[in-house]
Amino acid sequence: MGLRVLSICGGLETGLLALKELGIPVDEYHTYEIFEPAIELSKRHFPEIIHHGDVIGADFSQFKGFDLVMAGTCCQSLSVVRQENNQVCSGLKGKSGIFFEYARAVKEIQPKWFLLENVVPKSKTDQNIITDNLGGQIPQLINSNLFSAQDRERLYWTNIHIGSLPKLNTTVLKDIMVSDAPEKDYYDKPYIFHGEDKKVIATLQVNTHDMLKRVYNPQFKCATLTCVNGGYQEKKVWDNGRIRKLTPVEYERLQTLPDNFTEGYSDNVRRSLCGNGWTKEVIKHIFKGL
């Protein structure tokens with residue numbers, strides 16, 4: 001008998017990819033997701049998935065006794081990165097409040113195992129509310145840099161036993177960079193150079209938030225990937241004396257996904273799909289505990 005799995009805010013369904021790569025059989029896999037490109041891509045890669053649309057107010061009784069319920073719920077209003085805007089960074093009262101649907105699912109389904117991934121909240125109160133709603137399960141902090149070329153600290157609330165983490169991963173940006181980035185990805189803008197020994201090797205001189213001006217040194221780990229909605233939100237890299245955006249394939253590699261896993265959409269949609277998703281190798285490490 002394989003696992004019966006419910007995924008909430010499933011995105012690219014990286015959880016299913018991790019299970020498959022580990023050879024863990026899955027009998028049923030259901031998901032709640034509303035972002036159309038993510039739905040279409042998951043149908044392409046995993047036609048066996050049963051889709052249910054919007055999770056708000058969902059009837060979870062049909063999944064009673066499922067083996068695994070997992071989610072990576074919206075982080076937007078929890079994130080310290082968004083603290084410059086109190087209307088956006090409104091904690092569990094904002095978009096991140098979709099967490100409570102996941103908590104309801106866990107309580108009603110009573111699965112053998114659960115997994116929730118999210119950012120480290122700006123407010124310790126919000127973190128404690130999440131913990132309390134998941135039966136007091138203390139989250140484990142894991143940085144994706146132990147598995148990839150990306151610095152990405154995330155909390156994982158789970159009753160799956162997580163084995164010892166790797167001590168070190170030496171992969172850096174240059175190890176995942178493509179050699180044929182398109183010319184359209186390069187910037188023809190002034191910049192300030194900070195030095196070959198700096199993680200932020202340069203600052204692009206454009207009219208946007210300071211964080212979006214940063215150009216990363218290929219000799220270091222990349223900063224955390226995020227959702228991309230145009231402008232200068234793409235991560236930038238120093239490439240042989242020039243500045244360019246990271247390509248969609250580089251975004252996939254930073255999330256340890258197969259090359260061209262998100263192919264078929266605009267570059268920015270592909271970057272957003274990756275930025276909103278999970279680092280696959282981290283999830284595989286956790287799922288080894290199954």
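Q: Where is the place of Asn128?
A: Asn128 belongs to helix 4, residues 124–133. Helices here are DSSP runs of H or I with at least four residues, strands are E runs of at least two, and both are numbered from the N terminus. Residues are numbered from 1 along each chain as its sequence is written. This is a predicted model, where local features need pLDDT of at least 70 and side-chain atom pairs count only at pLDDT 80 or more, while totals for chains, interfaces and linings use all residues, and side-chain values use heavy atoms, with hydrogens and water left out.

Q: Why does Asn128 count as partly exposed?
A: Buried means under 20% relative accessible area, exposed means over 50%, and partly exposed is in between (1.4 Å probe, protein chains only). Asn128 comes out at 38% relative accessibility, so partly exposed is the label.

Q: Why does Thr14 count as buried?
A: Thr14 has 5% relative accessibility, which is under the 20% cut-off, so it gets called buried. You'll find Thr14 in helix 1 (residues 14–22). Setting aside neighbours within four places in sequence, Thr14 is in contact (heavy atoms within 4.5 Å) with Leu257, Trp278 and Lys280.

Q: What makes the chain as compact as a globular protein of its length?
A: Start with the make-up: eight helices and twelve strands. The radius of gyration is 19 Å, close to the 19 Å that the globule rule gives for 290 residues, so the chain is as compact as a globular protein of that length. That radius is taken over C-alpha atoms, and the rule is 2.2 Å times the number of residues to the power 0.38. The C-alpha trace spans about 60 × 40 × 35 Å along its principal axes, and buried residues make up 54% of the 290.

Q: Which strands stand at the edges of the sheet, and why is one side of each left without a neighbour?
A: The sheet is open, with seven strands in the order 3-2-1-4-5-7-6 and mixed pairing. Strand 3 (50–51) and strand 6 (140–143) are at the edges; each has a single partner strand, so one side of each lacks a neighbour in the sheet. Two strands pair if DSSP finds at least two bridges between them. Strand 1 (residues 3–8) and strand 2 (residues 26–32) run parallel and are joined by six bridges, with His30 in strand 2 as the bridge partner of Leu6.

Q: How do you know that both faces of strand 11 are covered?
A: In a regular strand the side chains alternate between the two faces of the sheet. For strand 11 (residues 236–239), Lys236 and Trp238 on one side and Val237 and Asp239 on the other are all buried.

Q: What makes strand 10 and strand 11 a pair?
A: Strand 10 (residues 214–216) and strand 11 share two bridges in the parallel sense, and the definition asks for at least two, so they pair. Val237 is the bridge partner of Tyr216. Strand 11 also pairs with strand 12 (residues 242–245), antiparallel over four bridges, and there Trp238 stands opposite Ile243. Strand 11 and strand 12 form a hairpin with two residues between them, and Asn240 in the turn has a positive phi of about 55 degrees.

Q: What covers the buried residues of helix 7?
A: The cover includes helix 2 (36–45), strand 12 and helix 6 (248–254). Among the buried residues of helix 7 (residues 267–275) are Arg270, Arg271 and Leu273.
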